[in-house]
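This report is written for a reader new to the structure below. Please look it over before reading on.

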Amino acid sequence: MLQFNIEKPKDEIRPYLQEKIDNLTKPKGSLGVLEELAMQIGWVQQTLEPKLNHPCHIVFAGDHGIAAEGVSPSPQEVTYQMVANFWAGGAGINFLARQHQIDLQVVDAGVNFDFKPEDPIIDKKIRKSTCNYLHEAAMTREEMESAIARGAECTQACFDKGCNIIGFGEMGITNTSSSALWMSYMANVPLADCVGAGCDDSGKIIEHKYKVLKQAQENYKGDASPEDIIRYFGGFEMVMAVGAMLKAAELKMLILIDGFIMTNCLLAASKLNPNVLHYAIFGHQGDETGHKLILEHLNARPILHLSFRLGEGTGALCAYPIIDSSVRMINEMNSFKKIQVTKYF
């Protein structure tokens with residue numbers, strides 16, 4: 001499997017960053033989360049003058065064989081229909097990308113549909129849909145490795161454009177089911193605490209969904225290693241996101257983390273290389289069951305809590321202007337050393 005050389009940022013710069021932040025013309029700590037973000041970003045970039053360059057957001061799309069078991073009220077064709085909506089500019093992620101001037105890209109990781117060569121989608125398809133993990137592994141080891149490598153290629157392409165901050169989203173009917181299983185195994189959380197309603201606003205699907213996923217767990221005969229859990233229960237779009245996150249950390253890029261599914265992709269990435277966590281900024285806490293628990297497991301403090309459960313990366317993009325504000329704070333505020341203001345703290 002592709003290996004990633006991810007370094008923990010050097011700590012020597014931290015006291016200098018703290019000194020600069022503390023001497024801005026404000027009471028110490030009075031800008032709260034902005035100060036924490038500025039510290040993290042300066043630490044990752046190893047500079048007292050951090051910058052956000054050419055922000056990008058990638059939506060990976062793929063279908064899941066488990067959809068045959070009725071674990072989502074939405075039919076599988078919604079995946080490719082929403083992909084078309086992305087490139088038409090009419091989805092939730094589109095208006096947010098336009099609002100914040102973020103370069104949006106859509107990747108076919110494994111959608112059960114034949115797109116045309118002229119369609120405005122990046123073709124990284126492994127195959128049409130994973131297998132049904134109620135009965136067999138979602139993908140082979142080779143397919144998992146290919147998905148990780150292709151996800152890394154997507155991040156590299158953004159980096160080559162000058163990007164140093166990147167977000168990830170997903171589209172794939174039933175991928176909350178895969179995320180629940182990843183979370184249960186890799187965070188050691190009871191499955192019942194991981195299974196939520198997904199896109200079902202009535203909550204009626206949860207009992208059936210839980211029974212199917214519990215049976216899938218009972219049928220699983222693997223070694224429960226992170227690599228095996230990723231391939232057995234994952235989706236191609238999720239595994240590509242894992243590879244994309246690992247590559248972003250290797251390239252010392254900031255990673256914007258969205259909701260339940262992308263947080264579990266980060267969890268999976270951290271099982272392959274824990275240093276990826278240093279580069280992650282958690283955009284929001286969504287309302288999907290289990291998201292709060294997985295954030296707590298990762299010791300993560302999300303910027304926002306907007307009751308989202310859409311996916312696509314919408315929560316991450318909503319948080320982007322706050323991240324931008326943190327960088328503007330450390331770069332644009334005067335210091336007490338520069339101007340004649342008595343320290344008032």
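## Basis

This is a predicted model, in which local features need pLDDT of at least 70, side-chain atom pairs count only at pLDDT 80 or more, and totals for chains, interfaces and linings use all residues. Residues are numbered from 1 along each chain as its sequence is written, and side-chain values use heavy atoms, with hydrogens and water left out.

## Helix 5 and helix 9

Helices here are DSSP runs (H or I, at least four residues), and strands are E runs of at least two, numbered from the N terminus. Helix 5 (residues 141-160) packs against helix 9 (residues 236-250) at about 50°, and their axes are 6 Å apart. Helix 5 is therefore oblique to helix 9 (under 35 degrees is roughly parallel, over 145 roughly antiparallel, 65 to 115 roughly perpendicular, the rest oblique).

## Aromatic pairs

Rings of Phe, Tyr and Trp (its six-membered ring) pair if their centres lie within 6.5 Å; planes under 30 degrees apart are stacked, over 60 edge-to-face, the rest tilted. The count comes to 10 aromatic pairs. W87 and F115 are edge-to-face, because their ring centres are 5.7 Å apart and their planes are at 70°. W87 is in helix 3 (residues 78-88), 28 residues apart from F115.

Y185 and Y220 also form an edge-to-face pair. Y220 is buried at 8% relative accessible area, while Y185 is partly exposed at 26% (buried is under 20%, exposed over 50%, partly exposed in between, with a 1.4 Å probe and protein chains only).

Terms used
Axes are lines fitted to C-alpha atoms, for helices over the stretch in contact, and angles run from 0 to 180 degrees between N-to-C directions.
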